[in-house]
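Please keep the sequence and the model in view while reading.

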Amino acid sequence: MDRIFTLDEARALLPAVMEEAAVVIAARADLAEIDFARRTGGGSELGGLPELKGLQARIEEILSGWNERGIEVKGIAPVLVDFPSVLDGVSVRLCWIEGERELGWYHRTELGFAGRRPL
C-alpha cells in the first residue's frame, strides 16, 4: 500500500529531502560537466567514467531512498517530489520543487503540477 502523508509528516521530512536534493543538484551538475567533456573529447577536473558512474549511483541511491519512504519523484532537473496525501477527503499530492523554502503547495492527484494551489 502506498504511504499517505499528513501535512505535518511531509513538512517534518522536508528538511532532509532538501539536504538530499542539494546533493542531487550538485551531482547533476557534475554529471553534466563530465558527460560533456567525454562527448567532446576533452577532459574534466571532475574525472571521467568512474566518477560519472559514481555520481549516477549516488543520485539513484537518493531517489530510491525517497521512493522507499513513499515520496514520489517526479523529476530531477529540477528536483520535483510529491507526498501523497488527502485533504478534505480528496486525494492530493503535497508538492515541492527545488528552490522552494517550504512545503506550501498541493495539487489534486489527477491534475498534476499544472493544478498546483497554495496550501
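D35 is partly exposed, because its relative accessible area of 31% falls between the limits of 20% and 50%. This value, like those below, is computed from a predicted model. D35 forms a salt bridge with R39, and the closest N and O atoms of the two are 2.9 Å apart. Both residues belong to helix α1, where a separation of four residues corresponds to about one turn of the helix. R39 has a relative accessible area of 58% and is therefore exposed.

The helix that carries this pair comprises residues 7–39. With 33 residues at 1.5 Å a residue, α1 should span 48 Å, and the distance of 44 Å between its end C-alpha atoms agrees with this. The helix has a kink of about 40° at L14, shortly before the proline P15. Among the buried residues of α1 are L14, V17, A21, V24, L31 and I34. Their cover includes helix α2 (49–68) together with the strands β1 (72–76), β2 (79–87) and β3 (90–97). After α1 comes G41, which has a positive phi near 80°.

Salt bridges are also found elsewhere; the structure holds nine. E61 and R58 are three residues apart, so about one helical turn separates them. R58 is partly exposed, at a relative accessible area of 35%.

A further salt bridge joins the side chains of R116 and E100, at 2.9 Å from N to O. This pair links distant parts of the chain, since R116 lies in the loop between β4 (105–108) and β5 (117–118), whereas E100, 16 residues away, lies in the loop between β3 and β4. R116 is buried, with a relative accessible area of 17%, and E100 is buried as well, at 16%.

The strands β1 and β2 pair in the antiparallel sense over four bridges. G75 stands opposite L80 in β2, and a hairpin of two residues joins β1 to β2.

How many aromatic pairs are there? The count comes to one. The ring centres of F5 and F83 are 5.3 Å apart and the planes stand at 90°, so the pair is edge-to-face. Because F5 lies in the segment before α1 and F83 in strand β2, the pair ties together parts that are 78 residues apart in sequence. F5 counts as buried at 1% relative accessibility, as does F83 at 0%.

Notes: Residues numbered from 1 in each chain as written. Predicted model: local features only at pLDDT ≥ 70, side-chain atom pairs only at ≥ 80, totals over all residues. Heavy atoms only, no water. Expected span 1.5 Å × (residues − 1). Bend = angle between axes of the 7 residues up to and from the residue. Buried < 20%, exposed > 50% of the residue type's maximum accessible area, 1.4 Å probe, protein only. Contact = heavy atoms within 4.5 Å. Phe/Tyr/Trp six-rings, centres within 6.5 Å; stacked < 30°, edge-to-face > 60°. Pairing = 2+ DSSP bridges. Salt bridge = Lys/Arg side-chain N within 4 Å of Asp/Glu carboxyl O.
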